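Let's take a walk through this model together, from the overall fold down to the spaces inside it and a few backbone details. Have the structure open as you read.

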Amino acid sequence: MTLPEGVERHGFDGETSLATRGEPVYGERTDGEWRRWDPHRSKLGAMLENGMETGLDGGETVLYLGAAAGTTVSHVADFCGPTYAVEFAPRPVRELLDAAETRGNLFPLLKDARKPERYAHVVEPVDVVVQDVATRGQARVAALNERFLDDDGRLLAAVKARSEDVTADPDDVFDAVREELSAEYELLETTRLEPYHEDHLGVVARPRR
Ligand code: SAM
């Protein structure tokens with residue numbers, strides 16, 4: 001697995017970790033201009049740590065769904081191009097706006113990812129959709145936002161089993177999500193995100209067109 005340009009393994013007080021260059025956002029350790037990308041705090045970070053082939057080279061145009069306060073999307077904006085960050089909860093968006101202040105390529109959107117028509121006039125076609133919405137209907141959110149992806153674009157999604165069904169066996173939930181996703185996407189790789197995130201599935205997929 002090769003890391004995208006702009007993402008490196010960097011030493012922080014003797015501990016090596018993924019890192020990007022930018023202003024710190026969530027109290028992460030820094031060393032000069034490098035900031036630690038903590039895989040325990042980031043599903044995309046965990047996908048990279050677990051060796052998933054994300055296809056990210058650096059410089060991509062990104063639509064990020066479920067940006068919250070900007071922990072992960074700030075790292076994405078550090079090494080990607082225009083990064084549209086959708087989040088529907090007003091409270092975290094305030095912190096997301098702070099993260100965007102030092103990142104001219106990060107565009108927070110206070111929008112519902114289940115209503116893409118509400119941001120379709122702002123978001124250009126993208127190379128990558130990153131999704132971490134942790135809500136019921138995660139496959140449906142991915143299907144609704146497939147329209148933004150270029151033909152050779154990638155979906156990088158983290159699926160939280162408990163958000164779909166708290167009582168079901170996570171493996172059964174993941175099977176159902178994989179099947180639903182397959183209507184719109186060709187699944188390239190699915191890998192669980194342990195030890196960083198329990199009962200989460202990382203998904204790399206491309207549009208089925
Ligand atoms: N991706 C974030 C990170 O790594 O920094 C963490 C995301 S948190 C697990 C899930 C977020 O998705 C929450 O902030 C939640 O408000 C948001 N979310 C859930 N459903 C959404 C929807 N339909 N539209 C937009 N945001 C949504």
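A word on burial comes first: a residue is called buried under 20% relative accessible area, exposed over 50%, and partly exposed in between, using a 1.4 Å probe and protein chains only. This is a predicted model, in which local features need pLDDT of at least 70 and side-chain atom pairs count only at pLDDT 80 or more, while totals for chains, interfaces and linings use all residues. Residues are numbered from 1 along each chain as its sequence is written, and side-chain values use heavy atoms, with hydrogens and water left out.

The loop between β1 (8-12) and β2 (15-21) holds D13, whose phi is positive, about 50°, although D13 is not a glycine. With a relative accessible area of 73%, D13 is exposed. Another positive phi, near 55°, belongs to D199, also a residue other than glycine. D199 sits in the loop between β10 and β11 and counts as buried, at 17% relative accessibility. P195 lies in the loop between β10 (185-192) and β11 (200-207), and the peptide bond leading from E194 to P195 is cis, with omega near 5°.

Now step back to the whole chain. There are 6 helices and 11 strands; these are DSSP runs numbered from the N terminus, with helices (H or I) of at least four residues and strands (E) of at least two. The radius of gyration, taken over C-alpha atoms, can be set against a globule rule of 2.2 Å times the number of residues to the power 0.38. For 209 residues a compact globule would come out near 17 Å, and the chain, at 16 Å, agrees. Its C-alpha trace spans about 45 × 40 × 35 Å along the principal axes. Of the 209 residues, 50% are buried. Counting contacts (heavy atoms within 4.5 Å), residues 24 or more positions apart account for 56% of those with a separation of 6 or more.

Next come the spaces. On a 1 Å grid over the protein atoms alone, a cavity is a set of points where a 1.4 Å probe fits but cannot get out; a pocket is an open set with protein on both sides within 12 Å along at least five of seven lines, and lining residues have an atom within 4 Å of a point. Grid points are joined across faces, edges and corners, and a volume is the space filled by probe spheres set on the points.

The largest pocket has a volume of about 340 Å³. Of its 23 lining residues, G66, A67, E87, D132 and V133 lie nearest the centre. The elements giving two or more residues to this lining are α2 (71-79) and β6 (83-87).

The second largest pocket has a volume of about 160 Å³. Its lining includes E23, Y26, R41 and R103, and helix α3 (residues 90-101) gives the most, with 3 residues.

How many cavities of 30 Å³ or more are there? The count comes to 1, and the largest cavity holds about 50 Å³ of space. Among the residues lining that cavity are S42, M47, Y64, D132 and L156. Two or more lining residues come from each of α1 (43-49), β8 (126-131) and β9 (149-160).
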